[in-house]
Amino acid sequence: MSQAEGSGHATADAADSAVLEALLGRCANQDRSAFEALYARVAPMLLAVLLQMLKKRDLAEDVLQDVFVKVWQQAAQFDAIRGRPLAWLIAIARYRAIDVQRGARPTLVLDESQLELEPQFQVPGPADGGSVRGALLRCLELIAPPQRRCLVLAYEQGLTHGEIARALGEPLGTIKSWVRRSLQSLRRCLEP
Amino acid sequence: MTYERPELLERLAAEYVLGTLRGGARRRFERLCGVSAAARVRVHRWEDDLGILSARLAPVQPAARVWAGIGRRLFGAQPARRSARLALAAAVVGLALLVGLFVREQQRTHLETLAVLGPDAAHAQWRIERPHELTSLTIRTVGPVAPGAGKAYELWALPTGGRPVSLGVLPVGGTLERALSGAQRTALATSDKLAVSLEPPGGSPTGAPTGPIVIVVDVIAARAG
């Protein structure tokens with residue numbers, strides 16, 4: 001439990017919106033030391049996201065470079081009103097990874113462990129309480145396991161409908177409607 | 001296809017963020033987001049919600065080459081690369097130019113000690129050096145450095161009558177060359193002292209020291225000429 005608490009704390013630290021907003025604001029003013037601090041704070045997390053999607057370390061690190069070049073160039077476009085600077089940074093990384101995947105991706109090989117949901121999904125801890133994170137995990141809980149697996153494979157591994165269909169051995173049409181319906185349930189649950 | 005229907009917009013936004021909207025449909029939706037606030041609002045909401053799944057991953061430390069590459073792409077060549085390129089150009093142009101550049105390069109790379117940092121004179125931890133033209137700092141780790149878990153040492157210029165200006169996080173080992181911004185050069189030029197504070201990893205999030213000041217030392221005056 002102590003380890004879980006430790007990593008939870010690190011995540012909360014990296015996710016501190018006010019700090020990230022301040023750093024992005026300084027980046028928009030061409031402050032390189034703020035850029036360095038932002039990199040130190042979020043690059044390891046973004047690399048984890050990219051590795052999960054791209055699998056290859058070299059490729060993920062190349063894409064991480066693209067991401068930070070873009071962050072420096074677009075820092076002024078981050079809209080503080082929309083909030084959640086970490087979500088903005090993650091989205092930049094994920095979209096770049098999706099663009100890189102498009103075209104040349106070798107035939108996908110998934111091992112069993114990647115098809116399993118991680119324990120956090122099934123058991124939102126007491127620490128999640130009424131948090132936004134807790135709400136998302138609770139809402140995911142309400143989706144039937146095969147459908148939920150589609151969402152997780154698409155989001156975390158960056159799989160297309162076709163790739164999910166092959167990985168799970170289900171028809172393409174089934175996967176498409178599972179994804180569509182589970183996204184609808186998620187939205188209804190998050191904002192009843 | 002019309003994008004006006006809210007339920008269609010919602011589905012496209014969700015699948016765009018999830019990543020299952022691909023190819024031409026993905027690019028068309030990106031273009032739509034450029035002109036439609038309704039599309040952007042939906043995308044941002046999904047990014048905020050699903051981003052939580054990414055934030056729980058165990059972080060992976062990138063190789064040092066990643067940061068170096070970002071610096072090269074955004075701020076130009078690193079000094080070592082630049083001198084290599086200068087030498088190559090010189091070889092093409094001619095020997096006379098080569099000699100000229102060599103002399104200039106020697107002047108550029110000749111470093112003077114700006115300050116020696118440590119808790120006291122007998123326990124130096126870093127030596128800060130500057131080229132004659134104050135465009136960068138070379139920071140050499142010369143003694144044991146242990147900021148403790150989850151902490152970093154940050155270097156500050158203390159300009160006379162002004163607020164401390166960050167000169168970046170200090171290395172825990174090895175030598176680091178750091179280019180100076182205009183603001184950092186101005187601050188250093190009017191600083192009689194440098195300070196080191198204990199900060200979160202990556203340095204102070206606010207632009208001012210947030211942790212205890214652990215070292216304050218005098219700047220060694222640059223030799224004239």
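A:Asp16 comes out as partly exposed, because 15 other C-beta atoms lie within 10 Å (the cut-offs, with C-beta atoms placed from the backbone, are 20 or more other C-beta atoms within 10 Å for buried, 12 or fewer for exposed, and partly exposed in between). This residue sits in the loop between helix 1 and helix 2 of chain A; helices (H or I, at least four residues) and strands (E, at least two) are DSSP runs, numbered from the N terminus. A:Asp16 and A:Pro85 are 69 residues apart in sequence, yet their C-alpha atoms are 8.9 Å apart in space.

A word on the ground rules. The model is predicted, so local features need pLDDT of at least 70 and side-chain atom pairs count only at pLDDT 80 or more, while totals for chains, interfaces and linings use all residues. Residues are numbered from 1 along each chain as its sequence is written, and chains are lettered from A and ligands numbered from 1 in the order in which they are written.

Further along chain A, A:Ala135 has its place in helix 8. With 18 C-beta neighbours inside 10 Å, A:Ala135 also counts as partly exposed. Its C-alpha atom is separated by 6.9 Å from that of A:Leu190, 55 residues away along the chain.

Next comes a pair of helices in chain A. Two packed helices are described by the angle between their axes and the distance between the axes. For helix 3 and helix 5 of chain A, the axes come within 10 Å and cross at roughly 30 degrees; here axes are lines fitted to C-alpha atoms, for helices over the stretch in contact, and angles run from 0 to 180 degrees between N-to-C directions. Helix 3 and helix 5 of chain A are therefore roughly parallel to each other (angles under 35 degrees count as roughly parallel, over 145 as roughly antiparallel, 65 to 115 as roughly perpendicular and the rest as oblique). The crossing of helix 3 of chain A past helix 5 of chain A is right-handed, meaning that the near helix is turned clockwise from the far one by less than a right angle. On the helix 3 side of chain A, the residues that meet helix 5 include A:Val42, A:Leu46 and A:Met53, and among those on the helix 5 side are A:Leu89, A:Ala93 and A:Arg94. Sorted by class, this contact between helix 3 and helix 5 of chain A has 11 nonpolar, 1 polar and 1 charged residues (Ala, Val, Leu, Ile, Met, Phe, Trp, Tyr, Cys and Pro count as nonpolar, Asp, Glu, Lys and Arg as charged, and the others, Gly among them, as polar).

Helix 3 of chain A turns up again where the two chains meet. In total, 52 residues of chain A are in contact with 39 residues of chain B, contact being C-beta atoms, placed from the backbone, within 7 Å. The largest share of the side of chain A that touches chain B, 15 residues, comes from helix 3 of chain A. The residues on that side of chain A divide into 31 nonpolar, 9 polar and 12 charged.

Over in chain B, there are 7 helices and 8 strands. Buried residues make up 30% of its 225 residues. Among contacts in chain B between residues at least 6 apart in sequence, 53% join residues at least 24 apart.

Some of the chain B strands form an open sheet of 4 strands in the order 1-2-3-6, with antiparallel pairing; two strands pair if DSSP finds at least two bridges between them. Strand 1 (111-117) and strand 6 (175-179) of chain B stand at the edges with a single partner strand each, so one side of each has no neighbour in the sheet. Strand 2 (residues 126-131) and strand 3 (residues 136-141) of chain B are joined by 4 bridges, and B:Glu129 has B:Thr138 in strand 3 as its bridge partner.

Another open sheet of 4 strands in chain B has the order 5-4-7-8, again with antiparallel pairing. Neighbouring strands here are turned by 25 degrees against each other on average, direction ignored. Strand 5 (residues 165-169) of chain B is mostly covered, with 5 of its 5 residues buried. Strand 4 (residues 152-159) of chain B is joined to strand 5 by 3 bridges. B:Trp156 has B:Ser166 as its bridge partner, and B:Glu154 has B:Val169.
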